[in-house]
Amino acid sequence: MENTIFNLLDERWIIVTNLKGDEEMLSLIDVLIRSHELKSLSGEMPSQDLAIMRLLLGVLYPIYTRTEEYWEAQEDESKDACIRIWEDLWECGHFPENEIKGYLMQHHDRFWLRHPERPFYQVVKIEKGSDFMASKMIGELVEGGNKAQLFPTRSGAGKQFLEYPEAARWLLYLNSFDDASAKPSRKGLESMSVGWLGQLGLVYVTGENLFETLMLNFSLLNDSKPWENGKAVWELAEPRTSERTIIAMPGSGEELFTLQSRRIQLKYHDNKVAGFTLLGGDKFNSEEAFVEPMTMWRFSKGKSGQRDMFLPPSNAARNPARHLWRDFAPLLSETEGGSEKSRKPGILRWISELEYENIIPSKQIQISTLSIKYGNMQSGVDEVWSDSLSVNANILSDLASEWIDRIADIVKITEDLVRILGNLASNIERAAGSPNGDNYRELAMQQAYAGLDIPFRNWLASIDRSTSDIVEECGNWLDTAKKIILDHGEFLVSQAGTQAFVGRTVKFGAKEDYYSTPKVYGWFVGNIFKKLGEATQQRGGE
């Protein structure tokens, strides 16, 4: 067909790293077929890689949920049958070329980046939308709020025009993570929200190669039952073009993973992408949207007659300085009763099922998270950050609930120890007569968490439920944490200075007390051993 340029099934546009550590650029088909030969996706940003991974998963769902075996699982609502289907593919060790090509070549005409009628992930014509330059597509520029970067990653033509391969990558990113700065074309429309993935506290699992990574994130269960039948965006007879459309919560994997959060029309100049026009696209309610497997959940207690519910983590409350292991409980624990309910991300629920059935080996897997913090009024991007934890897969099993509860308790105790250190820092400042106690406290706590970070990750990665002793392991960590916190406390005292050593009387309301480094250090040590003693009693005197 005339005026069709750059087909994503044929052209090289996805950046990957192979098992030798070399970087390559491959077509969508080749990435899937060669996934067992590749280490990972390796684009410009982790968020871009995740958007591309979602596209790859969106291809896998229609291939493997439309077989006779899966249809039977749907009819019987059989969880076990879904797990068996997954196991057969996992043991194959690669995605069969005939299945990948057989499906995608049926839809070859829907994967043209430039097409007069059906451009990939775009609409043909937007009459009245928000116009942007190409730089607005480039997530790594992070130019929210019209702020110029001090050390820009690119300049000149590099940010004014995009070659087709890079434009294709950022097109997926834009659809998933765009901010809410676009203006409506008319009054009375739904309010704009950031792209679907930008609303989530994203969680995914990384394997030893790209095939394993895709498979571990390829849940064949929608919450606890088989997925429904649906259509990927390229399978629709007519593309959805209406602006800011409220849709029903997707029931199929292909619908969810190819969700069009934006209506986008790319603009071209001299065979390069020069900019785009954009409108809001499809959205659905995120309240208890458990159809989405790749997000953490927070429990929101209803107020004034409102119901309790689970929501993705608050965008505004995201803290890039918070280490992932401190969120161990909401990441891996599941609590149904009480006022503080918790729920694991769907993808970790799926991994739990696989480990329980002994389908995946008890080996190290990496749990990764990714978050984007948007600017004022969700316009522009303030920060993008990711983190990861390596754990033995058998810790994720439903059989490991005692381990998970115990480790969650250990994290709380560790945070209590850090807070006691923070109190020491604040008290030293009181002894010195400084007004900066709160700042010194926060700095001391940040330094303590930095000192605890690598030791905790190493400790967690070393745990093997089949061979480790839970009492011994928890005791080992508390000994490690105690030493680190006491060392930090001694350092704070050594840096306190003469005025703090001499001390002074500090008045709080009607009460007053004398503060000096020797005295507040004594309080600090006493509180550390008191907390550890309480922890021992809670473990039954072990």
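This is a predicted model: local features need pLDDT of at least 70, side-chain atom pairs count only at pLDDT 80 or more; totals for chains, interfaces and linings use all residues.

Modeller: Residues are numbered from 1 along each chain as its sequence is written, and side-chain values use heavy atoms, with hydrogens and water left out.

Asp-223 sits in the loop that joins strand E8 (221-222) to strand E9 (225-226), where helices (H or I, at least four residues) and strands (E, at least two) are DSSP runs numbered from the N terminus. The phi angle of Asp-223 is near 65°, a positive value although the residue is not glycine. Most residues other than glycine have a negative phi. Asp-270 belongs to the loop between strand E11 (262-269) and strand E12 (272-280), and it counts as exposed because its relative accessibility is 64%.

With a relative accessibility of 60%, Asn-3 counts as exposed, but it still touches Arg-114, His-115 and Pro-116 when residues up to four places away in sequence are not counted; touching here means contact, with heavy atoms within 4.5 Å. Asn-3 and Val-291 are 288 residues apart in sequence, and their C-alpha atoms are 38 Å apart in space.

Further along there is a sheet. Its three strands are open in the order E3-E2-E4 with antiparallel pairing, where two strands pair if DSSP finds at least two bridges between them. The edges are strand E3 (23-26) and strand E4 (38-41), each of which pairs on one side only, and neighbouring strands are turned against each other by 40° on average, ignoring direction. Strand E2 (residues 14-18) is joined to E4 by three bridges in the antiparallel sense, and Asn-18 has Leu-38 of E4 as its bridge partner.

The axes of helix H4 (residues 79-92) and helix H11 (residues 346-356) come within 11 Å and cross at roughly 85°, with axes fitted to C-alpha atoms over the stretch in contact and angles running from 0 to 180 degrees between N-to-C directions. H4 and H11 are therefore roughly perpendicular (65 to 115 degrees, whereas under 35 is roughly parallel, over 145 roughly antiparallel and the rest oblique). Lys-79, Cys-82, Ile-83 and Trp-86 of H4 make this contact with Trp-350, Glu-353 and Leu-354 of H11.

The axes of helix H13 (residues 437-462) and helix H14 (residues 470-494) come within 10 Å and cross at roughly 155°, and H13 and H14 are therefore roughly antiparallel to each other. The residues that make this contact include Tyr-440, Phe-456 and Trp-459 of H13 and Trp-477, Ile-484 and His-488 of H14.

Terms used. Buried means under 20% relative accessible area, exposed over 50%, partly exposed in between (1.4 Å probe, protein chains only).
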